[in-house]
Amino acid sequence: LRIMAGKVKWVTDIEKSVLINNFEKRGWIQVAENEDWNFYWMSVQTIRNVFSVETGYRLSDDQIVNHFPNHYELTRKDLMVKNIKRYRKELEKEGSPLAEKDENGKYIYLDFVPVTFMLPADYNLFVEEFRKNPSSTWIMKPCGKAQGKGIFLINKLSQIKKWSRDSKTSSFVSQSSKEAYVISLYINNPLLIGGKKFDLRLYVLVSTYRPLRCYMYKLGFCRFCTVKYTPSTSELDNMFVHLTNVAIQKHGDDYNHIHGGKWTVSNLRLYLESTRGKEVTNKLFDEIHWIIVQSLKAVAPVMNNDKHCFECYGYDIIIDDKLKPWLIEVNASPSLTSSTANDRILKYNLINDTLNIAVPNGEIPDCKWNKSPPKEVLGNYEVLYDEEMAQSDGTDRDLRSRPGQSPGVKGSRARESGKPVLTTWK
């Protein structure tokens, strides 16, 4: 992609040859070049090489990379759930109102991930939960794969046992002998449009974890299935009904190559405002932003907040028919290839706006800058959460000190009173 040639200079001429010789074969993805310099967008595998102790490579102040060293704490399905569970427990221990539960023992504000277990490690816990509601459907996903690979649905314990046998594992005890999976309660009442299931792909840029500063991209999109949804158990194997991944849907007979089965988030908003009302729609998007901020806060303490790093995540959110959003997973390398003309425009702008924030004014990068770019360079991004500003504004403190206070209320009251909202998850 010849997108930023001449605008961003990531490496000096001397370093250029060193980087090419040492790292090109290890997975650096070359994005743009001209006769003076090369700009590289790193793959997640290369990040491990760059930050590994064995490599001994150290980034200089004018080098910035597009992943955090242990981004997988958020982007691996099992670690994301583990960190969110730990975060909830810690808030509970602190007596934070954010960890408040209802009469059924469910979190009021932090119940945004479907019930999930790790297999094979949590097999017995899963069986216990399954037997409480034997008619439920569960979805199994390999922890380290993407694009819908290896995913399947089950509604009987015998199917798990068959999967175990097929993967040549005699026991559920040994973790090392087979690939780890997560198994989650399937959201079998998704919001449907035109009878079809869809999810949201939203882009979130994190420039620093401590203090947390993140940006929401306004131009996300919905990904639709090509076949109408049915909860019927006879269709559990039909991935064109259940999985929204473009990598799967593009092989369907009904896939439309012009619009790619995609809707913009603004179209979704218009549809919901016209069918459900503006207030309900605003509440839904407030909750989605809340989920994103809380998931980032959950991993912030364990994330290696290297000053050379920034990251653009692809969040996958599903909305159920009660307009409750659920966090499904977070992608470290959301697809930047385009499947339609609109896709190409969106992703071009996404890369451009991301780089303008990571490297303001197209200047030589400096990892020591305060990571707070001027408003005019944000493009289609908007500040979702700025921890420094929130603390000085008293937002976080206010939320933690008021038991039962709904996290979304403060922001909406501020809007109603006409006061500017400086920091918000909306």
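Buried means under 20% relative accessible area, exposed means over 50%, and partly exposed lies in between (1.4 Å probe, protein chains only). You are looking at a predicted model, where local features need pLDDT of at least 70, side-chain atom pairs count only at pLDDT 80 or more, and totals for chains, interfaces and linings use all residues. Residues are numbered from 1 along each chain as its sequence is written, and side-chain values use heavy atoms, with hydrogens and water left out.

**Stop 1: around H308**

H308 sits in the loop between helix 10 and strand 12 (311-319). Helices (H or I, at least four residues) and strands (E, at least two) are DSSP runs, numbered from the N terminus. Now show the surroundings of H308. Leaving aside neighbours within four places in sequence, H308 is in contact with L59, S60, D61, Q63, I64, V65 and C367. Contact means heavy atoms within 4.5 Å. Next, pick the backbone oxygen of S60: the side chain of H308 reaches this atom at 3.2 Å. A polar contact is a pair of N or O atoms within 3.5 Å; within protein, one must be able to donate a hydrogen and the other to accept it, and residues adjacent in sequence count only if both atoms are side-chain atoms.

**Stop 2: the whole protein**

Zoom out. The protein has 14 helices and 14 strands. Of its 426 residues, 52% count as buried. Look also at how the chain meets itself. Among contacts with a separation of 6 or more, 68% are between residues 24 or more positions apart.

**Stop 3: helix 10**

Select residues 278-299, which form helix 10. At 1.5 Å a residue, its 22 residues should span 32 Å, and the end C-alpha atoms are 32 Å apart, which agrees. The expected span is 1.5 Å times one less than the number of residues. Helix 10 is mostly covered, with 16 of its 22 residues buried.

Axes are lines fitted to C-alpha atoms, for helices over the stretch in contact, and angles run from 0 to 180 degrees between N-to-C directions. Angles under 35 degrees count as roughly parallel, over 145 as roughly antiparallel, 65 to 115 as roughly perpendicular and the rest as oblique.

Which residues meet here? From helix 9 come V265, L268, R269, L272 and E273; from helix 10 come K278, T281, N282, L284 and F285. By class, this contact of helix 9 with helix 10 has 5 nonpolar, 2 polar and 3 charged residues. Ala, Val, Leu, Ile, Met, Phe, Trp, Tyr, Cys and Pro count as nonpolar, Asp, Glu, Lys and Arg as charged, and the others, Gly among them, as polar.

**Stop 4: helix 4**

Buried residues of helix 4 include L79, M80, I84 and L91. Just after helix 4, find G95, which takes a positive phi of about 75 degrees.

How do helix 4 and helix 10 cross? Their axes come within 8 Å and cross at roughly 90 degrees. Helix 4 and helix 10 are therefore roughly perpendicular to each other. Helix 4 brings N83, I84, R86 and Y87 to the contact, and helix 10 brings Q294, S295, K297, A298 and V299.

Now pick N83 in helix 4. N83 is buried, with a relative accessible area of 2%. Not counting residues up to four places away in sequence, N83 touches E73, A298, V299 and V302. The side chain of N83 reaches the backbone oxygen of E73 at 2.9 Å.

**Stop 5**

Move to S184 in strand 6 (residues 181-185). S184 counts as buried, at 13% relative accessibility. Its side chain makes a polar contact with the side chain of T116 (2.9 Å).

Last, select E179, in the loop between helix 6 (157-166) and strand 6. Is E179 buried or partly exposed? E179 is partly exposed, with a relative accessible area of 35%. Find C143 too: the C-alpha atoms of E179 and C143 are separated by 7.9 Å, and the two residues are 36 residues apart along the chain.
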